[in-house]
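The sequence and the model are shown below.

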Amino acid sequence: MTFASKWRTAAAAALLAATGLTGASAETMVFIRTSDNVSGAGTDSNVYIKLHGPSGVTKRVRLQDDLDCNILEKGDVEFLVFSENIGPVVTKIELESDGRYAGSDWHLHEITTTTGSMNDIVLAVNPLTAGTPGLQDRLVHSTFSYDDWITGKETYPGESAGRTKRGIE
C-alpha cells in the first residue's frame, strides 16, 4: 500500500496517523522538493518514482495517481509513504518523466528519504515529539541532490548522500 498526500505543515503527522500505517516494519517516507529559485520549475508531466534498497525495489509509482493533480509546482514539497520493505536505507532513486503536456520540464531540487518504523516516522515529523531521545538513531535519512532539469523519458538515478542524524525539516 502506498499513501501519498501534499506536504503542507507539521500537520502531516496527523495525516500519517490517520492512514493506519503504524506497523513496526521498515517503511520509507519520501519528500520531493521542486526548486523554488528557477523560473518554470514546475511540471504538468506524468512523473514516476521507484526506490531501491538492500532488500528490494518498490514498484514504479506514478506520482499523480496518489497525489492531487496540481503537484510538482515551483517551490512545492510533496510527500509519499512507501510501506514496501526495501531494507533499512534507500540506496538509489529512479525518476522518470513522460515529457507530455505543456510545461513538461521539471526542475527538481532534491529528494529526502526517511526509513524506519511508521511509529518513529510519525514522531519525527511532529515538532512536539521530534526531539524524543534515541528517535533519530532509529531512523535513516538520505538526501538525493539533483538541482537539475528532469526531461523526457530517461530514468534519473540518484545516489544517497549517506546517513544523517538531522531531523526532518
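In this predicted model, the count of salt bridges comes to three.

| Salt bridge | N to O distance |
|---|---|
| Arginine 33 and glutamate 110 | 3.6 Å |
| Glutamate 96 and arginine 60 | 3.3 Å |
| Aspartate 120 and arginine 138 | 3.0 Å |

Arginine 33 pairs with glutamate 110 in a salt bridge. Arginine 33 belongs to strand β2 (residues 26-34) and glutamate 110 to strand β8 (residues 106-117), so the link joins distant parts of the chain, 77 residues apart. Both arginine 33 and glutamate 110 are buried.Glutamate 96 and arginine 60 form a salt bridge through their side chains. Glutamate 96 is in strand β7 (residues 92-97), while arginine 60 is in the loop between β4 (56-57) and β5 (61-62), so this pair ties together parts 36 residues apart in sequence. Glutamate 96 counts as partly exposed because its relative accessibility is 21%, and buried means under 20%. Arginine 60 is also partly exposed, at 44% relative accessibility.

Aspartate 120 meets arginine 138 in a salt bridge between side chains. Arginine 138, at 42% relative accessibility, counts as partly exposed.

Definitions and conventions. Residues are numbered from 1 along each chain as its sequence is written. This is a predicted model: local features need pLDDT of at least 70, side-chain atom pairs count only at pLDDT 80 or more; totals for chains, interfaces and linings use all residues. Side-chain values use heavy atoms; hydrogens and water are left out. A salt bridge is a side-chain nitrogen of Lys or Arg within 4 Å of a carboxyl oxygen of Asp or Glu. Helices (H or I, at least four residues) and strands (E, at least two) are DSSP runs, numbered from the N terminus. Buried means under 20% relative accessible area, exposed over 50%, partly exposed in between (1.4 Å probe, protein chains only).
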